[in-house]
Amino acid sequence: MKTVYLLGIIFLLTSCQNDDNYVPVIPNANERELAGGETTVFSSGSFAFENPATNLSADNLETHLAGDAQFEQAFVTAPATVNPGLGAQFNHVSCVGCHPKDGRAPFPDDLNSFSGFFLRVSIPGTNANRGPNPAPGFGDQLANHAVFGKTPEVQFAVSYEDIPVNFADGTVVTLKKPIYSISESYIPLPGNALFSPRLAPPVIGLGLLEAIPEMDILSKQDLDDFDGDGISGKANYVWDPETQTTKLGRFGWKASAPSVLVQTAGAYNNDMGITSHLFPIESSYGQSNGELEQADNPEITKQILDEAAFYCRTLAVPAARNLDDEDVIAGYQLFEDLKCASCHTQRHVTGTFSGIPEISNQTIYPYTDMLLHDMGEDLADGRSDFLANGNEWKTRPLWGIGLTQLVNGHTDFLHDGRAKSVEEAILWHGGEAQKSKEDYTKLTLLEREQLLKFVKSI
Amino acid sequence: MKYFFKLKSTLIIFAIAALTFSCSDDNDTEEIVEQSDYNEHLTNIANNVIVETYRDLANKATDLKNEVIDLQGDISASNLDNARQAWRSTREPWEKSEGFLFGPVDLQGIDPAIDSWPVNVVDMDNLLSDTVNFPAITESIIDAQTDEAKGFHLIEYLLWGIDGNKQVADLTTRELEYLVAACENLETKTAELYDAWRADSGNHVANFLNAGASGSIYVSQKSALEDLVDGMITIADEVANGKIETPLNGENGAGFDPTQEESRFSHNSKLDFANNVRSISNVYNGKFSIDGKGVSDVVAESNTTLDGTFKTQLVEAIQAIEAIPGTFTDAISDNRTAVENAQTKVRIVQETLESLIKPLIVNL
């Protein structure tokens with residue numbers, strides 16, 4: 001093959017007739033291809049989200065691999081020799097259960113099967129830390145499973161409402177808006193309960209996002225839309241149970257977790273019913289159907305929690321692909337023209353992250369500003385979460401999105417998988433992104449395909 | 001090493017990209033870097049290794065269910081022995097499929113549903129005792145349980161008992177009901193898996209046969225080959241650094257821990273590990289139901305020495321696992337050197353795949 005490459009290069013050199021013609025390129029394509037900086041892995045198959053950052057030291061690789069094992073552990077009902085403590089109520093039994101192949105969960109055919117889907121719940125008002133006010137008897141997350149002999153908190157149900165979107169060229173795409181309800185509950189839910197659906201996202205590159213300097217994120221805030229572009233951007237400030245202080249929110253669909261560690265500990269506690277030093281009380285403690293046993297808490301050691309968080313912090317981001325493709329280059333220009341990048345901030349440089357030099361000082365292309373934006377009524381959950389109001393969601397990172405079909409076998413996007421393709425995800429944008437969305441519907445079919453090709457290449 | 005190779009490939013791509021952009025007409029570029037044709041390799045591995053392994057698995061799972069039904073009808077030592085043998089026979093193609101844990105086995109949640117670990121003994125016992133709410137234990141009741149209350153290891157637990165010495169007299173009627181239902185569930189899941197792949201049903205196999213053509217999830221044949229190599233790496237890593245390492249040295253090096261052994265009730269672990277390496281060997285050599293083209297032929301095209309070395313490493317890994325004396329359970333305390341040797345040989349397989357074969361495929 002080397003010979004072929006050489007011949008190819010020579011051929012190209014001699015085939016150039018005229019170097020004056022302008023050929024568009026994507027700026028910083030070389031840097032942009034290495035989406036996760038030096039952590040980037042050149043992997044574009046089914047296993048593309050499962051690789052350790054390629055620059056890990058031997059010691060950190062060992063911790064990563066220990067975390068990998070923790071991420072896969074299935075918990076069982078106590079007492080047990082191995083992995084006891086599941087439930088009593090839960091949504092799933094392992095991290096990987098909701099984040100298959102470290103990627104995105106599919107929207108389940110059956111909402112009450114074991115899946116990466118659940119509803120958060122609260123009642124109006126806030127808790128002592130200004131977070132969501134838990135629903136009495138249910139907490140802040142609804143569990144649709146329980147260990148044998150216990151009753152799940154609820155069973156979920158969904159129906160759909162059609163939302164047709166008309167394109168300038170006459171194309172019509174019909175979005176399906178899910179409307180969730182509770183078909184069974186072990187005690188009646190409060191009449192004023194607020195729900196917010198969630199579908200588990202990929203866990204690649206999280207350490208890099210955590211290492212983006214706070215000042216860089218805050219500098220992109222424009223609370224009163226001073227620059228008049230219709231886009232504000234707001235930082236969430238949330239409670240950190242580790243430091244017992246208020247911190248910038250970075251993780252979760254509404255940026256309500258300050259760190260990968262807290263997000264991970266929260267998932268153990270709420271998703272699996274596993275207690276840790278950060279969340280030492282069972283999510284169902286005190287409920288009539290819940291777990292009364294407190295003697296075995298915390299059910300995982302600090303070391304296990306740290307390893308699982310370290311794993312998520314050091315999963316490599318796959319390299320961007322096909323950035324030299326003509327359509328991808330045209331799509332990049334449309335991404336700029338439609339102002340997608342106003343919120344999907346392309347480039348960041350990470351700061352110093354204590355203990356993990358490999359994710360420190362990296363130039364990365366996650367395509368997120370890490371801020372909250374009003375996304376319009378159709379996406380709104382009507383449930384506030386610290387400073388995020390019922391219309392606001394955090395800008396999602398887009399890196400790796402084009403590999404979702406291959407890695408996870410589906411393209412169910414957004415916080416509850418309601419978008420069935422990248423195009424539908426764009427069409428669900430409203431609020432601050434209304435103009436960009438409308439401009440998308442005015443593109444020609446070729447232009448839309450080019451924009452989608454660019455998004456899928458990053 | 002891994003990074004070095006990948007970086008190099010990037011540089012080559014950029015060199016070509018840069019040259020491309022400087023030309024007024026770049027229509028010829030794609031032809032120049034066009035790959036060799038690996039359709040024959042991919043077709044053979046998919047049809048004759050992957051689909052055939054799953055066919056074998058589905059058939060053996062049916063045999064297992066039938067043996068367990070026989071045991072339920074006639075509770076005898078010989079029928080218990082037959083059921084145990086049938087479990088081992090079913091286990092074999094499953095372990096030989098763990099070198100390709102991608103596609104439907106993963107996307108449809110079949111891997112956890114049939115091979116989850118550890119067993120949720122508390123839930124199982126509670127279901128066994130609850131004759132009020134569950135007067136009969138049926139397949140649909142088992143299907144609704146968490147994955148840890150069904151599948152290979154729960155069936156293994158019921159057939160052998162926690163210490164591996166269950167007597168036929170210990171089997172209760174309820175346990176036999178649970179066994180039959182769990183085996184029916186295993187049969188259903190393995191049939192789903194085979195159906196998802198085969199051409200006249202779910203046809204996942206077409207993604208390999210048509211890799212690089214429209215309609216395939218693989219944008220190129222190289223991308224399909226990459227999945228095959230990643231699959232091999234994944235199981236080599238799992239055997240060396242999970243299945244052997246955790247019982248041998250405990251979680252976080254806490255000391256040997258037999259409770260972490262995967263197939264400890266049946267003492268089938270050595271065979272499990274050897275069959276895992278055989279799954280790598282089958283994909284690499286393109287050899288299962290017939291001997292056709294495999295990844296080996298792709299590697300040999302550019303590096304016959306590497307191909308020969310790797311084949312030897314595969315044989316040595318299997319031999320080292322089989323050379324562990326007695327049961328794996330005993331060996332982690334009594335013959336640690338033999339276990340460590342087997343672990344080393346599997347790590348060599350992993351290392352060669354990661355640092356030499358994967359880069360070769362990625363740079364095709």
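Helices (H or I, at least four residues) and strands (E, at least two) are DSSP runs, numbered from the N terminus. Counted this way, chain B holds 17 helices and zero strands. The structure is a predicted model, in which local features need pLDDT of at least 70 and side-chain atom pairs count only at pLDDT 80 or more, while totals for chains, interfaces and linings use all residues. Residues are numbered from 1 along each chain as its sequence is written, and chains are lettered from A and ligands numbered from 1 in the order in which they are written.

To begin with overall form, the C-alpha atoms of chain B fill a box of roughly 80 × 50 × 35 Å along the principal axes. Of the 364 residues in chain B, 49% are buried, that is, with 20 or more other C-beta atoms, placed from the backbone, within 10 Å of their own.

Chain B is assigned domain 1 (39-209) and domain 2 (221-362), with bounds that come from an automatic or database domain assignment. The C-alpha centres of the two domains of chain B lie 23 Å apart. Across the boundary, 30 residues of domain 1 of chain B are in contact with 31 residues of domain 2 of chain B, contact meaning C-beta atoms, placed from the backbone, within 7 Å.

Which helices of chain B each supply at least two residues of the side of domain 1 that touches domain 2? They are H3 (39-73), H4 (77-95) and H9 (152-160) of chain B. The largest share of that side, 10 residues, comes from H3(B).

Notes. Two residues are in contact if their C-beta atoms, placed from the backbone, lie within 7 Å. A residue is buried if 20 or more other C-beta atoms lie within 10 Å of its own, exposed if 12 or fewer, and partly exposed in between; C-beta atoms are placed from the backbone.
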